[in-house]
Amino acid sequence: MPTPRFLTLDDVAEILAVSWSQAYALVRRKELIAIQIGGRGQWRVEVDELERFIQQKYAEARAGTVPEAPATDSAGSGGTPTPAETEPADSGRLQA
């Protein structure tokens with residue numbers, strides 16, 4: 001069986017060790033190029049595009065262009081993060 005040309009977002013998420021929603025966000029921000037196939041608009045990422053994305057991230061890391069922390073908006077303090085900013089997103093609390 002030949003190597004598949006396209007990957008689903010589930011495949012991409014597994015390869016990058018991220019969640020499906022994180023993989024989808026990369027596509028939405030056009031950091032990772034994908035196409036929609038079929039009437040339901042299923043996303044597909046070409047294997048070569050995923051490899052290009054990974055190599056680009058390595059190049060950014062080598063060049064030191066990867067941001068160390070998320071940028072703060074103009075209303076933010078720009079200094080010490082608030083407790084809400086330092087807490088894990090899922091701290092075990094149930095949400096309504």
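**Entry 1: ground rules**

I worked from a predicted model, in which local features need pLDDT of at least 70 and side-chain atom pairs count only at pLDDT 80 or more, while totals for chains, interfaces and linings use all residues. Residues are numbered from 1 along each chain as its sequence is written, and side-chain values use heavy atoms, with hydrogens and water left out.

**Entry 2: overall layout**

I looked up the secondary structure and found four helices and three strands in the protein. I took both from DSSP runs numbered from the N terminus, helices being H or I of at least four residues and strands being E of at least two. From the N terminus on, the order of elements is β-α-α-β-β-α-α.

I then looked up burial, where buried means under 20% relative accessible area, exposed over 50%, and partly exposed in between, with a 1.4 Å probe and protein chains only. Of the 96 residues of the protein, 14% count as buried. The accessible surface of the protein, computed by the Shrake-Rupley method with a 1.4 Å probe, comes to about 7900 Å². Carbon and sulfur atoms account for 54% of that surface.

For contacts (heavy atoms within 4.5 Å), I considered residues at least 6 apart in sequence, and 40% of these contacts join residues at least 24 apart.

**Entry 3: the sheet**

I asked in which order the strands of the sheet lie. The sheet is open, has three strands in the order β1-β3-β2, and is paired antiparallel. Two strands are counted as paired if DSSP finds at least two bridges between them. β1 (6-8) and β2 (35-37) are the edge strands, each pairing on one side only. Neighbouring strands are turned by 45° against each other on average, direction ignored; the axes are lines fitted to C-alpha atoms, for helices over the stretch in contact, and angles run from 0 to 180 degrees between N-to-C directions.

β1 is joined to β3 (residues 42-46) by three bridges, and L7 has V45 as its bridge partner in β3. β2 and β3 likewise pair over three bridges in the antiparallel sense, with R44 in β3 as the bridge partner of I35. The hairpin of β2 and β3 has four residues between the strands, and G38 in this hairpin takes a positive phi near 80°.

**Entry 4: R44**

I examined R44, which is found in strand β3. Is R44 buried, partly exposed or exposed? R44 is partly exposed, with a relative accessible area of 25%. Leaving aside neighbours within four places in sequence, R44 is in contact with F6, L7, T8, A34, I35 and I37. The C-alpha atoms of R44 and V27 are 9.9 Å apart, the two residues being 17 apart in sequence.

**Entry 5: helix α1**

α1 lies across β1 and β3 and runs at about 85° to β1. I found L9, V12 and A13 of α1 buried. They cover an arc of only 100° around the axis, and therefore lie on the same side of α1; the arc is that of the directions from the helix axis to the C-beta atoms. D10 and E14, on the other side of α1, are exposed. The cover over the buried residues of α1 includes β1, α2, β3 and α3. A17 follows α1 and has a positive phi near 60°.

**Entry 6: helix α2**

I found A23, L26 and V27 to be the buried residues of α2. Seen down the axis of α2, its buried residues fall within an arc of 100°, so they line one face of the helix. Their cover includes α1, β3 and α3. K30 follows α2, with a positive phi near 60°.

**Entry 7: the core**

Which residues form the largest nonpolar core? The twelve are L7, L9, V12, A13, A23, L26, V27, L32, A34, V45, L50 and F53. Such a core is a set of buried Ala, Val, Leu, Ile, Met, Phe, Trp, Tyr and Cys residues joined through side-chain atoms within 4.5 Å. α1 (9-16), α2 (20-28) and α3 (47-63) each supply at least two residues of this core. I also looked up the contacts of L9: not counting residues up to four places away in sequence, L9 touches W20, A23, Y24, V27, W43 and V45.
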